[in-house]
Amino acid sequence: MVMRQVSNALKLSPFVVYVLLMFALPAALVVVSAFRDGSGGWTLANFNIFHRPGVGAAFGNSLWLSALTAAAGAVLGALVCYALLGYREDGVVHRLVDAASSTLSQFGGVMLAFAFIATLGNQGMVTLFLREVMRIDIYAHGMWLYTPVGLVLPYIFFQMPLMIVTFYPAMARLPRQLSEAVAMLGGGAGHFWRHVGLPMLMPSFMSGFLLLFANAFSAYATAAALISQGSQIAPLQVRAALISETGLGSEGASGALAVGMLAIMAIVVGLYALVERKSSSWLC
């Protein structure tokens, strides 16, 4: 018994080392830097950066952007999952959607930003078509693509596939006997989803929403490529503090901002763990 436990621990050791080196250690270094001044002493002065103009607005933008794109991605992804229930799991449609979702959920950064600039930029294909053929100027009131509002579409682009990947297993595990039981009692599909299906899937849906929220809140590369002027969301504020040329101590200021982001992420991850535990107990 002891040898088996030792063997299992050795098998997990590469993953444990990876987590410690790639997640725990960087997080600890960030937290420590937030409480250090330029001479290496302990201080709370770094957190004064939250009183600077624009920092609170940047965190607010990140919160509404993450919530909006998570909600849109979760709803759209759930609708696709519902449509997939009508197809065979070993069929062509199912395999295509699985492959596309797995790929597009990881498609982001500079490539995604370039794709939207090429299609919806000021001289993008779709923009020129709407302007010259349809006589519709989508930028009549300003270049919204390079603002937090312009990040909504790119974020939904990778949020919806991620929801499909995470939510479909829960929807596919719904016992079909339940719908048959509702039908035997005289209820239709609407009654089943309203009184049985949706309540059972709600914990899984909420866990998917929280995962999407965390994914959007921590996204950096796509926003950095699209928004070149200003630091209008929280990750860009961290970048601005790191590359600031106003003096020493920028590491501590960026660490303080990162600690603020970590605090929000910790709350989201805690809620995700609670909801995921509930959804697992309902659909086991």
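**Cavity, pocket and side-chain pairs**

Q: What is the volume of the largest cavity?
A: The model is predicted, so local features need pLDDT of at least 70 and side-chain atom pairs pLDDT 80 or more, while totals for chains, interfaces and linings use all residues. Residues are numbered from 1 along each chain as its sequence is written, and side-chain values use heavy atoms, without hydrogens and water. A cavity is a set of points on a 1 Å grid over the protein atoms alone where a 1.4 Å probe fits but cannot get out. The space filled by probe spheres on the points, joined across faces, edges and corners, is for the largest cavity about 30 Å³.

Q: Which element gives the largest share of the lining of the largest cavity?
A: Lining residues (an atom within 4 Å of a point) include Ser62, Leu65 and Ser66, along with Tyr155, Phe217 and Pro235. Two or more residues each come from α2 (55-84) and α8 (189-217), helices being DSSP runs (H or I, at least four residues) numbered from the N terminus. The largest share is 3 residues, from α2.

Q: Which element gives the most to the lining of the largest pocket?
A: The largest pocket (an open set with protein on both sides within 12 Å along at least five of seven lines) holds about 520 Å³ of space. Of its 18 lining residues, Val30, Val238, Ala258, Met261 and Leu262 are the closest to its centre. At least two lining residues each come from α1 (2-34), α10 (234-242) and α11 (250-282). The most, 6 residues, comes from α11.

Q: Is histidine 94 buried or exposed?
A: Histidine 94 sits in helix α3, which spans residues 92-104. Leaving aside residues up to four places away in sequence, histidine 94 touches Leu84, Tyr87, Arg88, Glu89 and Tyr168, contact being heavy atoms within 4.5 Å. The relative accessible area of histidine 94 is 3%, and therefore this residue counts as buried.

Q: Which residue forms a salt bridge with aspartate 90?
A: The structure holds 1 salt bridge, defined by a side-chain nitrogen of Lys or Arg within 4 Å of a carboxyl oxygen of Asp or Glu. With the closest N and O atoms 2.9 Å apart, the partner of aspartate 90 is arginine 88.

Note on methods: Buried < 20%, exposed > 50% of the residue type's maximum accessible area, 1.4 Å probe, protein only.
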